[in-house]
Amino acid sequence: MTPDFRRIARPLGIGAVALLVEYLLLGTQQFANAMTLGAIYALIALGYTMVYGIVELINFAHGDVFMVGSFLAMWIMTTVFGLVGPVTNLLNLVGLLAIVMFATMLGMGLIGMFIERVAYRPLRHAPRLAPLITAIGVSFILQNIIAVAFGPSPVNFPQIVPADKFDLLGGKIAYLNLFIVILAVVLMIALQLFVGRTRLGRAMRSTAQDREAAELMGVDINQTIAITFFIAAALAGAGGMVQGLYAGSIKFDLGFYVGLKAFTAAVLGGIGNTTGAAIGGFIIAFVEVYATVLGYTQWSEVAVFTVLILVLVFRPSGLLGQQLGERT
Amino acid sequence: MTTVAVDRPPGSNLLLRAHKVTKAFGGLVAVKEVDLEIPRGSIISLIGPNGAGKTTFFNVIAGILDPTSGAVEFDGQQVVARPVRAWLEPITWVVPAVIVGVLGVLAYQASAVAGALIVLLAILSLIVMLLAAIVRPAWYRRFLLRVGVFKSARPNEMVRAGIGRTFQNIRLFANMTALENVQVGMHLKMTANAADALLSTRRARAEEKESVTRALNFLELVGLKGRGSFMAKNLPYGDQRRLEVARALASEPALVLLDEPTAGMNPKETREMTELISRLRHDLGLSFLLIEHDMKVVMGISDRITVLDHGERIAEGTPEEVRRNPRVIEAYLGKPPE
Amino acid sequence: MTAVSNPRVQSPWARLRSGARNHRSITILLGWVLVASVLPVLVLIPPLSTFQPQSLWIDGFSNAGVFILLAMGLNVVVGLAGLLDLGYAAFFAIGSYVYAFGDSPFTNVQIPFWPMLLVGAIIAATLGLLLGAPTLRLRGDYLAIVTLGFGEIVPAVFLNASSLTKGTNGIGGIYKPELFGFKFTLENPVPYYITMVAILAVTMVLLYRLQGSRLGRAWMAVREDELAAASSGINTITTKLLAFALGASTAGLAGVFATSKLTFVGPGQFGFQVSFTVLAMVVLGGMGNIWGVATGAFVIYTIQAVVLKELNQFFQALHVPILQSIDFVQYQYLLYGIALVAMMLLRPEGLFPSSRRRQELHATSDDVADVPPPTEALDA
């Protein structure tokens with residue numbers, strides 16, 4: 001009981017202290033921005049890390065799945081519901097958000113499964129380079145389908161959440177930021193419960209540990225991998241929707257940049273480790289916000305990339321990852 | 001029952017010595033304080049039932065896994081041990097560059113040109129250190145030892161030291177010809193560098209030509225005459241195993257590690273392989289370490305046998321001694337004879 | 001396969017083949033001379049001559065040459081050593097900017113074009129070493145993502161460091177090459193064309209030599225099985241790093257040439273699309289197959305630069321409303337993406353496989369004839 005409690009309490013304590021320090025350093029507004037960005041990065045990083053954990057493939061298309069998710073959410077909102085501006089009725093707003101999010105996650109999950117089935121599964125036993133190249137191909141296909149369908153310029157995303165703010169310790173925070181962070185945390189807890197407590201989650205963990213042994217124990221490998229891709233893409237879809245709400249406009253190459261940052265987050269946290277991916281997402285977001293606060297907004301990508309290189313040099317296994325021996 | 005090797009004075013004739021090698025994965029101890037000695041010119045076998053820790057031990061000796069404790073000496077040099085202060089290594093790459101860089105920034109106040117030159121020097125020192133860390137020349141290894149960093153030899157450094165190996169599940173270069181596979185094995189015995197190749201110097205061409213002749217000799221030695229232009233993946237199974245041996249021999253090692261060299265072979269192929277190993281020992285004076293789970297294979301050709309069970313050494317001795325050892329019979333031959 | 005040829009009664013064709021095999025470098029050079037002299041004549045023949053005038057064709061061939069050079073360089077990295085480099089355009093950008101800094105009124109420095117070719121290649125290779133050193137120790141996938149990031153960062157640095165690079169506006173008025181007093185001009189595309197062909201021919205000779213050397217075998221061994229390569233005595237990291245640096249230097253060279261021809265450089269020229277296009281060229285041409293990759297690059301560049309535009313005009317002229325509104329140029333990257341996936345799934349050896357890759361079972365006992373078939377260089 002006590003060690004279990006300590007196992008959870010200590011990291012939580014460290015996290016709380018770190019957040020408090022960040023809050024004091026950055027102030028309410030920037031802190032809220034960093035938390036929101038971090039929530040989005042974490043949602044995407046989870047997908048990278050889950051897929052890598054189970055099939056050892058860097059799914060280059062994952063960032064673009066996220067981008068397609070934001071376009072799908074936009075399309076549902078504008079075309080299906082005809083939304084353009086804020087929805088003031090709270091009940092309507094919550095209902096709409098729930099429906100749109102559910103539909104986006106379902107749709108993206110199916111697309112993720114489809115991509116796995118068509119582009120990755122046939123190459124499971126091919127040389128390592130082959131699935132990486134198809135992944136980059138899929139990434140380009142997704143980008144250009146969207147570019148052709150919605151045009152190459154930024155597209156407005158309906159701002160259905162009113163821009164209202166509330167006071168917190170002398171600063172103002174938009175309800176939207178709060179919503180995004182809470183949503184991400186809820187999804188991450190749901191994922192942990194799914195992986196930790198359900199039969200399918202157990203199948204996923206055992207497949208990640210040792211695919212052959214899992215297969216011998218009766219785990220349906222194809223099904224398990226497909227479900228992993230479903231969940232990864234669904235989380236990216238949710239991330240895509242909130243990205244649209246947060247940024248106000250979306251573009252076909254959005255997934256490229258955000259994907260790169262989320263991947264860095266996954267590596268930083270220790271690729272293959274879901275908790276690490278979430279923590280990495282927030283750290284990367286803080287790095288980016290610091291670059292902005294210090295007046296180097298255009299250099300934020302360079303800063304994130306430098307973090308990636310430094311992690312690879314000094315701690316390739318990431319913060320929470322297992323040792324990835326350099327000699328094997 | 002003494003072997004030829006044991007008669008010679010110790011020290012000079014001892015090729016490889018593993019001392020109390022322990023390897024734990026998390027809480028699971030796969031190999032526990034195992035000792036092994038390989039005298040020059042001998043065939044030593046390591047046997048044990050499946051899961052006894054043979055492969056783990058083998059991977060430690062081959063420089064693929066670092067041991068949790070213990071060490072391996074080859075030719076009197078420690079080649080494998082638990083890394084010491086490995087975290088210090090990346091810091092040594094950056095520290096000179098940072099120091100020089102700071103100096104450069106300070107000098108920049110005085111003179112822009114001098115500052116820029118010193119910063120350039122800092123970048124240069126970073127490049128040199130990074131490259132040295134990759135190529136690991138002798139001075140870099142000495143430098144590491146001086147600052148107290150020890151890292152086990154990498155697999156390629158093992159080959160340089162004189163240890164060749166084969167793999168349990170054949171690992172040939174599938175899309176290269178048999179001849180090229182052997183030529184790759186000669187890598188360290190060849191000297192042509194990129195510049196030689198680009199200029200196609202006389203020396204490089206002569207060496208290339210000679211390497212073909214020598215590779216053909218190695219192929220002939222293992223019984224693959226006339227198969228040189230076959231893609232490795234198109235060779236029959238038994239030939240692939242022989243090709244792996246030829247590739248290992250091509251680096252002209254003193255010791256060859258064979259990981260289950262007869263796995264998956266039929267009785268005839270198995271017999272041919274054991275004959276080949278004895279012949280190579282005789283003709284070339286090579287030493288061998290064999291890993292096998294099939295005891296029958298090693299009985300005929302081994303000088304000494306070490307038996308592992310549950311990660312521990314339970315017996316060591318000549319084939320006769322091992323055959324009679326009650327612990328071996330219990331742990332390993334306990335099941336009725338086939 | 002069954003036709004056993006007596007070496008004394010060889011057909012002229014067989015004799016040509018064996019001669020070409022024994023004198024590979026000369027064969028490649030002659031092949032390039034042949035191709036380079038035929039192409040300008042070929043475009044005078046009707047269907048091609050109607051598209052654009054000969055001078056534009058020749059100009060286009062020089063541009064295609066830049067991509068052939070890029071593809072041959074990337075082929076060393078991806079095809080021979082099996083490393084996925086997704087930021088190849090970064091080294092192209094570095095070569096371009098190096099030339100812009102070294103030979104333009106912007107910096108007021110004037111180092112001639114010819115030494116700059118070397119300088120561009122060396123600086124690109126050095127940066128390749130710096131980037132590769134920390135990442136090549138790790139698993140191959142990391143290199144892919146790090147190069148992807150690098151490919152984004154380098155143009156971003158050139159964009160943001162505007163005091164040094166004029167940012168978005170780019171650097172213009174860069175000097176054109178000069179040879180013994182002869183000045184290259186934009187009006188006459190032929191000198192550029194000849195220079196490009198010479199660079200390509202020499203590069204191809206050198207690459208074939210490397211491929212058949214100890215180093216080339218080490219690259220392929222690392223590609224096939226890294227652990228087995230290390231256990232054969234190959235320092236896998238050095239070997240990979242050499243491939244990476246060599247690829248980078250080729251891109252740097254291509255950058256210097258391209259900039260000297262365009263006389264302008266800006267950060268917008270080096271987007272991910274460039275890296276991606278070159279990767280598509282390598283994959284379609286057949287990874288690891290030098291002449292196949294060169295052919296693939298030429299074909300794709302020509303399709304991209306000429307055929308898609310012609311298709312647009314063709315459908316425009318048809319006056320069919322739906323077809324008229326399609327912009328084929330817009331679809332090119334979508335097509336590349338589909339092509340990459342389809343190639344990996346259906347034909348991983350590329351569209352122009354070398355006979356080496358095609359070889360299934362070689363039933364001769366003639367062991368020595370094991371050099372890669374160089375006669376194919378003629379076809380390029």
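Biologist: Which helix does C:Leu262 lie in?
Modeller: Helix α12 of chain C, residues 236-262. Keep in mind that this is a predicted model.
Biologist: Is C:Leu262 buried, exposed or partly exposed?
Modeller: Partly exposed. Its relative accessible area is 48%, and exposed would need over 50%.
Biologist: How far apart are C:Leu262 and C:Phe101?
Modeller: In sequence, 161 residues. In space, C-alpha to C-alpha, 15 Å.
Biologist: Now C:Gln211. Where is that?
Modeller: In helix α9 of chain C, which spans residues 190-211.
Biologist: Buried or exposed, C:Gln211?
Modeller: Buried. Its relative accessibility is 8%, and the cut-off is under 20%.
Biologist: What does the C:Gln211 side chain reach?
Modeller: The backbone oxygen of C:Gly288, at 3.2 Å.
Biologist: Switching to chain A. At what angle do α2 and α8 pack?
Modeller: About 60 degrees, with the axes 7 Å apart. In chain A, α2 covers residues 62-80 and α8 covers 221-247. The two helices are therefore oblique to each other.
Biologist: Is the crossing of α2(A) and α8(A) left-handed or right-handed?
Modeller: Right-handed.
Biologist: Which residues meet there, α2(A) against α8(A)?
Modeller: From α2(A), they include A:Phe66, A:Gly69, A:Ala73 and A:Met77. Among those in α8(A) are A:Ala236, A:Gly240, A:Met241 and A:Leu245.
Biologist: How many nonpolar, polar and charged residues in that contact of α2(A) with α8(A)?
Modeller: Nine nonpolar, seven polar and no charged ones.

Technical notes: Residues are numbered from 1 along each chain as its sequence is written. Chains are lettered from A and ligands numbered from 1 in the order in which they are written. This is a predicted model: local features need pLDDT of at least 70, side-chain atom pairs count only at pLDDT 80 or more; totals for chains, interfaces and linings use all residues. Side-chain values use heavy atoms; hydrogens and water are left out. Axes are lines fitted to C-alpha atoms, for helices over the stretch in contact, and angles run from 0 to 180 degrees between N-to-C directions. Helices (H or I, at least four residues) and strands (E, at least two) are DSSP runs, numbered from the N terminus. Angles under 35 degrees count as roughly parallel, over 145 as roughly antiparallel, 65 to 115 as roughly perpendicular and the rest as oblique. A crossing is left-handed if the near helix is turned anticlockwise from the far one by less than a right angle, and right-handed if clockwise. Contact means heavy atoms within 4.5 Å. Ala, Val, Leu, Ile, Met, Phe, Trp, Tyr, Cys and Pro count as nonpolar, Asp, Glu, Lys and Arg as charged, and the others, Gly among them, as polar. Buried means under 20% relative accessible area, exposed over 50%, partly exposed in between (1.4 Å probe, protein chains only). A polar contact is a pair of N or O atoms within 3.5 Å; within protein, one must be able to donate a hydrogen and the other to accept it, and residues adjacent in sequence count only if both atoms are side-chain atoms.
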